[in-house]
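Here are a few friendly notes to read alongside the model. Keep the view open as you go through the points.

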Amino acid sequence: DDQLAVAELKKRGVRVSGAVWNDPSVDWGSFDAIILRSTWDYHHNANEFRAWIGAREAAGAPVWNPPAVLRWNMEKTYLRDLEEAGVPVVPTEWLARGSQVDLAELLGRRGWAEGVVKPVISAAATRTWRVSRASASEIESQLAESLELGDVMVQPFIAEVQTRGEWSRRA
């Protein structure tokens with residue numbers, strides 16, 4: 001869908017080129033505007049991506065996506081901020097890096113028959129699992145591995161995500 005915008009911009013005399021954020025051959029200073037579109041691999045290199053954002057910011061690069069928003073959006077903890085601001089969000093159990101968790105107990109305590117487990121910094125369903133109370137013991141080692149790497153979140157499984165996808169809801 002970005003090609004629709006590219007075509008319109010080109011009609012208006014704007015030169016558009018795609019670049020990968022971590023490509024060392026890109027001269028970011030040569031752009032009049034930098035718009036981040038899809039960085040589907042940032043979660044594999046979160047520290048490097050933060051550093052890249054900081055370097056653009058320090059250089060005064062014309063990044064149209066505000067760097068503070070980019071950093072805030074990297075971690076799904078933005079859901080806590082939204083919830084505190086009164087925005088309805090899916091209930092979430094936040095698990096700190098290094099913690100030990102009985103997943104079946106957590107699901108039972110929250111009253112969730114099924115849940116979704118994922119890293120707080122993630123994209124493209126990397127290290128994301130659907131789990132039930134009955135199958136929780138089967139992913140305990142995967143959960144422990146994820147908790148060694150970083151913070152993790154658990155949410156109830158929302159069945160309509162399978163059929164309708166994930167959508168923002170208008171109030």
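**Notes on the fold and helix α6**

1. The protein has 7 helices and 4 strands, where helices (H or I, at least four residues) and strands (E, at least two) are DSSP runs numbered from the N terminus. Starting at the N terminus, their order is α-α-α-α-β-α-β-β-α-β-α.

2. Please bear in mind that this is a predicted model, in which local features need pLDDT of at least 70 and side-chain atom pairs pLDDT 80 or more, while totals for chains, interfaces and linings use all residues. Residues are numbered from 1 along each chain as its sequence is written, and side-chain values use heavy atoms, leaving out hydrogens and water.

3. On overall dimensions, the C-alpha atoms fill a box of roughly 60 × 35 × 30 Å along the principal axes. Of the 171 residues, 31% are buried (under 20% relative accessible area, with exposed meaning over 50% and partly exposed in between; 1.4 Å probe, protein chains only).

4. Helix α6 (residues 140-149) is worth a look: its buried residues are Leu143, Ser146 and Leu147. They lie on the same side of α6 because they cover an arc of only 100° around the axis, taken from the directions from the helix axis to the C-beta atoms. The face turned away from that buried side carries exposed Glu148 and Leu149.

5. What do the buried residues of α6 pack against? Their partners are β1 (93-95), α5 (103-110), β2 (114-119), β3 (129-132) and β4 (152-156).

6. Among contacts (heavy atoms within 4.5 Å) between residues at least 6 apart in sequence, 60% join residues at least 24 apart.
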